[in-house]
Amino acid sequence: MRTYVALLRGINLGSHNKVPMADLRALFDGLGAEDVETYVQSGNVVFKSADGAEKLTRAIERRIQRDLGLSVTVIVLTRPQLTKVLDGNPFAKGKKDPAKLHVTFVAEKPARAKVSKLDPERGEPDEFRVVGSQIYLHCPNGYGRTKLTNAYFEKQLGVAATTRNWKTVTKLGELVL
């Protein structure tokens with residue numbers, strides 16, 4: 001059995017795509033997942049499964065569509081992948097306030113040509129760094145005020161994405177241990 005983290009895009013944002021965490025846990029149980037645990041209401045699920053990440057991603061998305069009537073992008077990470085995300089944050093190593101750090105997870109590695117066209121000055125004073133399939137953000141005025149939104153990166157890179165604050169990412173890292 002492998003330990004995974006599933007990140008669901010766009011659930012429980014205001015009144016949009018409401019999903020009770022008990023229903024989400026039951027959905028994962030129904031897929032044969034074990035030790036299912038959710039963290040906060042924004043679609044973070046830690047679980048164990050013998051299946052591979054790609055198979056799980058497709059199965060979770062289909063089951064959410066079937067059982068909940070929602071079309072939701074799901075990004076599934078293994079424990080080593082999440083550890084790499086935690087270790088790879090270029091802003092966490094400096095004197096940046098962790099409350100101002102975020103990670104945008106993309107469903108697939110973006111094309112280099114599209115990454116090279118991102119405007120590094122778009123959100124100043126906010127900063128971003130694309131590392132593999134993640135975009136690390138430092139938003140000194142808060143994520144609510146940034147122009148470096150999930151929608152911006154999805155449009156520019158042509159990939160689905162979901163963003164989590166650094167506190168959530170680090171807590172998920174603790175939960176997969």
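In what order do the elements of the protein chain run from the N terminus on? And which residues make up the centre of the largest nonpolar core, in the sense of touching the most other members?

Modeller: This is a predicted model. From the N terminus on, the order of elements is β-α-β-β-α-β-α-β-α-β-β-α-β-α, which gives six helices and eight strands. The radius of gyration is 16 Å, close to the 16 Å from the globule rule for 177 residues, so the protein chain is as compact as a globular protein of that length. Its C-alpha atoms fill a box of roughly 45 × 30 × 30 Å along the principal axes, and 44% of the residues count as buried. Among contacts with a separation of 6 or more, 67% join residues 24 or more positions apart.

In general, nonpolar side chains tend to be buried together in soluble globular proteins. The largest nonpolar core here has 20 residues, and those touching the most other members are Ala6, Leu8, Phe28, Phe47 and Ile60. At least two residues each come from β1 (2-8), α1 (21-30), β3 (44-49), α2 (53-68) and β4 (74-78). The largest share, four residues, is supplied by α1.

Phe28 deserves a separate word. Setting aside neighbours within four places in sequence, Phe28 contacts Ala6, Ala33, Val36, Val45, Phe47 and Ile60. Another core, of 17 residues, lies apart from the largest one and includes Val85, Phe91, Leu101 and Val176.

Terms used: Residues numbered from 1 in each chain as written. Predicted model: local features only at pLDDT ≥ 70, side-chain atom pairs only at ≥ 80, totals over all residues. Heavy atoms only, no water. Rg over C-alpha atoms; globule rule 2.2 N^0.38 Å. Buried < 20%, exposed > 50% of the residue type's maximum accessible area, 1.4 Å probe, protein only. Contact = heavy atoms within 4.5 Å. Core = buried A, V, L, I, M, F, W, Y, C linked by side-chain atoms within 4.5 Å.
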